[in-house]
Amino acid sequence: MPIVAQSTETTDWVSRFADEVIEESERRAPGKPVVVASGLSPSGPIHLGNLREVMTPHLVADEIRRRGHQVRHLISWDDYDRYRKVPAGVPGVDESWAEHIGKPLTSVPAPKGSTHANWAEHFKAAMIESLGELGVEFDGISQTAQYTSGVYREQILHAIKHRGDIDAILDQYRTKKAPAKKQQGQKPVDEAELEAAEGSGAAAEDDGSSASAGYFPYKPYCGNCEKDLTTVTSYDDDSTELTYACTACGFSETVRLSEFNRGKLVWKVDWPMRWAYEGVVFEPSGVDHSSPGSSFQVGGQIVGIFGGKQPIGPMYAFVGISGMAKMSSSKGGVPTPADALKIMEPQLLRWLYARRRPNQSFKVAFDQEIQRLYDEWDRLDAKVADGSVLPADAAAHSRAVRTAAGELPRTARPLPYRTLASVADITAGHEDQALRILSELDPEQPLTSLDEVRPRYDKAEAWINTHVPAEQRTIVRDEPDAELLKSLDEASQQSLRLLLDGLAEHWSLDGLTHLVYGVPKVQAGFSADATPKELPPEIKTAQRSFFALLYHLLVGRDTGPRLPTLLLAVGQERVRALLGE
């Protein structure tokens, strides 16, 4: 029997949606698997904003699985969509790809150097690999396969039969004049006009109103040039004979739609048709699809024509990147899940999506903020281990580290990310040096192999190598700064002597932390163990000055990695030399 009970004290946004979805599924399709859905267009790199389209239903589906219910998470690959534009910044792609605009994504060549069959498969492959690493279980549906095999033929004919009803629904939202009807030989509707129309009542793509034979919610792909720059010029309901003309190449033909599989329903009709066909109960939508007159709202009315119901569909907010604006896959340089997984473990990325409600925006850190995020994650991990964690935080943690299928692989000894990053920075790829430093962090439990701190160490190293500017990298001095050492006053010289005298005794991460913070305290006449409450404010100023002096003598600048880590990395003998002993 399915386990439905859920403790109210552990309820989080995922659990609340799971409750609603289970209840709604039993109402609509009792005894059948629960169906949740996502839609992704492989029109270019699938970015971290698109990942929310997948993670929101994934987390809900996974909670439903944990309760013992059968559930299907469908990912519709919108690979039969038209190729709209050449995205900027994609390796192996140049302006010559513009000649393919208007073709299905599966008819566009993959970027140069790709091993994949076409454009869509190239970008799908990277996302599928990332979803596997994230533990996302799904059923993928290629819309190219669905349309070209005739799976939707009855739905297409039904939509065309009821095109007047669909047109009437769409007309309620047409606050902007529809694009002029196209005749053979006329230029196609401007791409920018179509894209700007989303949310104003037209569509992100042509909603069918430009057909010269009246409203027509179906776009044939041209039998000659494969583009969808076509106009339906006549249609016979009884015979299903359809005539279209291509405005791109001038080709025209008459086909029998009951036997024709080279075209698709326009987006605002296609989406609700699939809701009904698949029996989707839960599918989120971005804010761009949730505004008045947009796809989700209009689809909620059109779905009834196909005998279905609109899914429960929370609006999800945008995902940003530290230091970057809202993401768009039509612009270059947009980070993808694969980019994020190079520098962070899957658990951390899952946690970012699990801990925020769908309508809350958040940022994925590729800058120094990633170190703070990892510190926060490690503190949460510790609270879970000692039982002091709050219920909602415990739920988000659980969803991050495991799925219904089991635990995600994790780092055996998760040392602090900032420490690993500092070590990777200082050692510049020398694994034997990295192991030496890391083995000295905790002399009572020395690290014996870098494998113990993998994959976290590899992620931190990748972050250092790809996202830290060269001017912020740490380069240890080859020779002591003789001029600076000669210019030091008596107090500064004394601080260095206190540090050097304590190095051997305190040679561990905790020991050196105690030592470097303690030197200014001892100089001022306090115990090295004195707490901040027991010290005057000027001690903090003295500590900052002392730290700046050490950074200058060791790496030639004001700041750097945490000093205890830096000292371990440099090594005791070299530290003594650089500090003028």
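Which residues does Ser 495 touch, not counting residues up to four places away in sequence?

1. Ser 495 and its surroundings. Ser 495 touches Val 519, Gln 523, Phe 546 and Leu 549, once residues up to four places away in sequence are set aside. Ser 495 belongs to helix H18, which runs over residues 490–502. Its relative accessibility is 4%, so Ser 495 counts as buried.

2. The model is predicted. The protein chain contains 22 helices and 14 strands, and its C-alpha trace spans about 100 × 55 × 40 Å along the principal axes. Of its 581 residues, 51% count as buried. The chain exposes about 25,400 Å², with carbon and sulfur atoms supplying 50% of that area. Where contacts join residues at least 6 apart in sequence, 70% of them are between residues at least 24 apart.

3. Nonpolar cores. The largest nonpolar core has 102 residues, and those with the most contacts inside it are Met 344, Leu 349, Tyr 353, Val 364 and Leu 438. Beyond its neighbours within four places in sequence, Tyr 353 is in contact with Trp 13, Leu 48, Leu 51, Arg 52, Met 55, Leu 59, Val 319, Phe 362 and Val 364.

4. Glu 278 is found in helix H8, residues 267–278. The residue is buried but has no salt bridge, and the nearest side chain of opposite charge, that of Arg 72, is 4.4 Å away. The cut-off for a salt bridge is a side-chain nitrogen within 4 Å of a carboxyl oxygen. With neighbours within four places left aside, Glu 278 is in contact with Val 35, Arg 72, Leu 74, Ile 141, Gln 146 and Tyr 152.

5. Helix H21. This helix covers residues 563–570, and eight of its eight residues are buried. Among the buried residues are Leu 563, Pro 564, Thr 565 and Val 570. The buried residues of H21 pack against helices H14 (417–427), H15 (431–439), H19 (509–523), H20 (538–555) and H22 (572–578). Just after H21, Gly 571 takes a positive phi of about 95°.

6. Charges and salt bridges. The structure holds 40 salt bridges. In one of them the side chains of Asp 375 and Arg 418 meet, at 2.8 Å from N to O. Asp 375 is in helix H12 (residues 369–386) and Arg 418 in helix H14, so this pair ties together parts 43 residues apart in sequence. Arg 418 is partly exposed, with a relative accessible area of 25%.

7. The side chains of Glu 452 and Arg 413 meet in a salt bridge at 3.8 Å, N to O. This pair links distant parts of the chain, 39 residues apart: Glu 452 is in the loop between H15 and helix H16 (456–467), and Arg 413 is in the loop between strand S14 (406–407) and H14. Arg 413 counts as partly exposed at 23% relative accessibility. Arg 477 and Asp 481 also form a salt bridge, at 3.1 Å from N to O. Here Arg 477 is partly exposed at 24% relative accessibility, while Asp 481 is buried, with a relative accessible area of 19%. Elsewhere, salt bridges with shared partners join Asp 12, Asp 19, Glu 63, Arg 67 and Arg 399 into one network.

8. Backbone points to check. The peptide bond from Arg 454 to Pro 455 is cis, with omega near 5°, and Pro 455 is found in the loop between H15 and H16. Glu 226 is not a glycine but has a positive phi of about 75°. Glu 226 lies in the loop between strand S4 (218–220) and strand S5 (230–235), and counts as partly exposed at 35% relative accessibility. Ala 428, also not a glycine, has a positive phi of about 50°. The place of Ala 428 is in the loop between H14 and H15, where its relative accessibility of 54% makes it count as exposed.

Key
Residues numbered from 1 in each chain as written. Predicted model: local features only at pLDDT ≥ 70, side-chain atom pairs only at ≥ 80, totals over all residues. Heavy atoms only, no water. Core = buried A, V, L, I, M, F, W, Y, C linked by side-chain atoms within 4.5 Å. Buried < 20%, exposed > 50% of the residue type's maximum accessible area, 1.4 Å probe, protein only. Contact = heavy atoms within 4.5 Å. Helix = DSSP H or I, 4+ residues; strand = E, 2+ residues; numbered from the N terminus. Areas by Shrake-Rupley, 256 points an atom, 1.4 Å probe, with all protein chains shown as cover. Lys, Arg positive; Asp, Glu negative; His and termini not counted.
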